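Dear colleague,

I am handing over the structure we spoke about, and my notes on it follow below. Please read them with the coordinates open.

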Number of protein chains: 2
Amino acid sequence: MLRSTNKRMAHSEPMRWHGDRIVILDQRRLPQERVERTLCDVGDVVDAIVTMAVRGAPLIGIVAAYGLVLAARHGRASVLEAAHMLRSARPTAVNLMRAVDRMRAIVVTASDHAIVQALEQEAHAIAQEEARANYAIGIWALQLIRPEDGVLTHCNAGALATAPYGTATAPMYIAHEQGRAVKVYATETRPVLQGARLTAYELAQAGIDVTLITDSMVGTLMAQGKVHAVIVGADRIAANGDTANKIGTYTIAVVAKAHSIPLYVAAPTSSIDARTPTGAHIPIEERDASEVTTISGTSVAPAGVHVYNPAFDITPHHLIAAIITEQGVIRAPYEDKLARL
Amino acid sequence: MLRSTNKRMAHSEPMRWHGDRIVILDQRRLPQERVERTLCDVGDVVDAIVTMAVRGAPLIGIVAAYGLVLAARHGRASVLEAAHMLRSARPTAVNLMRAVDRMRAIVVTASDHAIVQALEQEAHAIAQEEARANYAIGIWALQLIRPEDGVLTHCNAGALATAPYGTATAPMYIAHEQGRAVKVYATETRPVLQGARLTAYELAQAGIDVTLITDSMVGTLMAQGKVHAVIVGADRIAANGDTANKIGTYTIAVVAKAHSIPLYVAAPTSSIDARTPTGAHIPIEERDASEVTTISGTSVAPAGVHVYNPAFDITPHHLIAAIITEQGVIRAPYEDKLARL
């Protein structure tokens with residue numbers, strides 16, 4: 001059961017660890033309401049991930065890691081069972097699997113009396129690594145953007161997906177801190193509208209110049225010369241550089257290529273999955289038709305209509321100008337360079 | 001003032017002429033409610049067009065023509081004043097201008113006592129020509145679609161935009177009548193969702209196999225080999241074949257080209273504007289930010305966010321495999337062939 005709390009988190013801080021519970025910002029309610037939810041056990045955590053109260057590949061991994069700390073209070077077997085539940089909560093983002101695997105490795109080696117503390121330390125480590133990766137990604141990415149460039153992003157790979165700077169948004173935040181002008185175009189990102197509800201919200205809160213468009217306007221904006229680079233996050237990067245990201249990324253990548261506009265994938269190395277050879281091997285989650293047919297509870301389509309609702313798509317490596325991780329900027333051919341990370 | 005009526009029109013019949021009033025199906029309320037509105041004077045007609053209670057390039061022209069019949073009851077000067085108001089109601093679709101110009105030509109030549117009757121006959125002629133064009137477009141277009149093809153359409157160029165078959169949807173209806181299987185993918189078409197609310201609705205009502213997707217899914221669907229042709233309508237076709245249509249058409253055209261999938265523009269010759277040399281000369285209407293930031297009255301974006309909301313875009317002629325009019329299928333180079341129509 002998710003419960004509301006009255007305490008308020010800092011803006012765009014998507015989660016807090018309290019030793020015996022996780023407090024999250026319920027991202028389904030933004031930007032209308034800033035509602036916090038307290039997750040007290042792994043059931044709460046799985047529910048929050050499945051319903052997308054928490055979302056964003058790195059954040060899901062971090063929350064899952066802390067979820068396993070909660071499970072550890074009930075013993076080693078509970079952690080292993082919880083790990084199994086968490087791994088299947090969302091199938092596409094690899095950060096979740098990676099975080100769970102790191103925590104499982106701790107469970108195997110830690111002594112009984114130290115297991116909770118050891119898991120908590122590992123969860124802290126995962127959270128801190130992702131936070132540090134944000135900044136490094138931003139610094140690397142900033143080298144690829146000229147002053148006054150128009151930068152388009154899709155979905156939310158922002159501070160709400162991994163505090164404090166996000167991945168795709170990290171160069172935007174850092175440019176803004178440095179007093180450099182940056183003009184951001186945020187696609188609304190149907191069906192769940194993370195671009196409208198989250199990216200436009202967090203960037204506007206930070207005082208960054210952001211313009212909201214529908215997903216269908218990307219081509220027109222590019223034809224008008226308003227977009228100089230596209231930066232998106234990643235839910236999983238295959239060994240050959242093929243990238244799973246929010247549905248719509250592939251369409252944007254094709255259109256960017258046709259306009260000779262570079263598309264950059266900004267993601268921590270935790271999003272790289274060397275065990276997945278190509279994008280064709282990445283499982284794509286299909287979600288409920290109601291995400292498309294209803295918006296904020298209002299029906300926008302005829303009852304019973306057939307719907308196709310894949311949550312992610314695959315952008316093949318040849319449409320990606322560079323992959324920006326905390327370790328630097330990687331350009332094609334990706335295979336060997338990704339393997340080295 | 002728009003007023004509701006209790007009489008029901010046939011399904012997908014978007015308007016009816018009653019001699020002293022126009023009854024329209026309020027397309028803003030579909031598919032949840034079938035609300036009819038009675039338009040009693042030109043003010044009503046302008047309001048219905050501006051607010052998109054009636055929409056669809058051919059339908060706007062027809063309703064405007066009957067609107068001028070209503071104005072004629074107040075004399076010749078009223079018709080000319082009404083013609084001026086109607087021309088500026090929506091700037092992009094040329095059918096509106098063309099219908100108004102045809103009616104103005106009647107006003108100039110008709111004698112005082114016969115003006116209402118002459119205008120009514122011309123309005124009937126415009127409506128009948130568009131209806132006949134539907135069927136011819138469908139027959140021509142059907143030659144371009146193989147049995148079992150997946151056909152993608154955008155926005156609504158259906159029976160609700162021009163009865164009885166629509167333009168882009170005409171081959172789908174005719175194929176269905178002939179017992180041929182056709183699989184239609186309808187983009188929801190943000191921001192106003194004409195694809196979800198109107199196209200998916202009218203095709204499903206007719207028993208046609210239609211699947212609703214978000215605009216962002218077009219690329220993925222094409223990469224999966226599910227789409228064999230794209231058919232869209234047009235709000236204005238320039239002399240060189242460049243086509244203004246609902247925002248998002250250009251993005252789809254670029255992605256279709258990248259997948260070697262033909263994109264066809266299906267439109268009556270009344271949508272061709274020989275006086276507009278290229279797409280760059282077509283005025284593009286920008287509409288209110290609230291169309292993007294709110295859906296069915298619910299806010300889906302942060303308050304005060306910057307929004308860019310062009311209602312149409314231009315698809316350059318080199319991305320159009322053919323233009324299908326009631327007179328046949330035209331392929332590039334378009335300029336001379338369009339001039340002959």
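A:C155 is buried, with a relative accessible area of 7%, where under 20% is the cut-off for that term. Please bear in mind that this is a predicted model. A:C155 sits in the loop between β5 (150–153) and α6 (170–177) of chain A, and has a positive phi of about 60° although it is not a glycine. B:E148, also not a glycine, has a positive phi of about 75°; this residue lies in the loop between α5 (115–142) and β5 of chain B and, at 60% relative accessibility, counts as exposed. Most residues other than glycine have a negative phi, and most peptide bonds are trans.

As to the peptide bonds, the one from A:R190 to A:P191 is cis, with omega near 10°, and A:P191 belongs to the loop between β6 (183–187) and α7 (194–205) of chain A. The bond from B:A163 to B:P164 is likewise cis, with omega near 0°, and B:P164 is found in the loop between β5 (150–153) and α6 (170–177) of chain B.

Turning to the fold, chain A has 11 helices and 18 strands. Its radius of gyration is 19 Å, close to the 20 Å that the globule rule gives for 341 residues, so chain A is as compact as a globular protein of that length. Of those 341 residues, 62% count as buried.

The largest nonpolar core has 80 residues, and A:V230 and B:V230 have the most contacts inside it. Beyond its neighbours within four places in sequence, A:V230 is in contact with residues including A:L152, A:M222, A:I252 and A:Y264.

Best regards

Notes. Residues are numbered from 1 along each chain as its sequence is written. Chains are lettered from A and ligands numbered from 1 in the order in which they are written. This is a predicted model: local features need pLDDT of at least 70, side-chain atom pairs count only at pLDDT 80 or more; totals for chains, interfaces and linings use all residues. Side-chain values use heavy atoms; hydrogens and water are left out. A nonpolar core is a set of buried Ala, Val, Leu, Ile, Met, Phe, Trp, Tyr and Cys residues joined through side-chain atoms within 4.5 Å. Buried means under 20% relative accessible area, exposed over 50%, partly exposed in between (1.4 Å probe, protein chains only). Contact means heavy atoms within 4.5 Å. Helices (H or I, at least four residues) and strands (E, at least two) are DSSP runs, numbered from the N terminus. The radius of gyration is taken over C-alpha atoms; the globule rule is 2.2 Å times the number of residues to the power 0.38.
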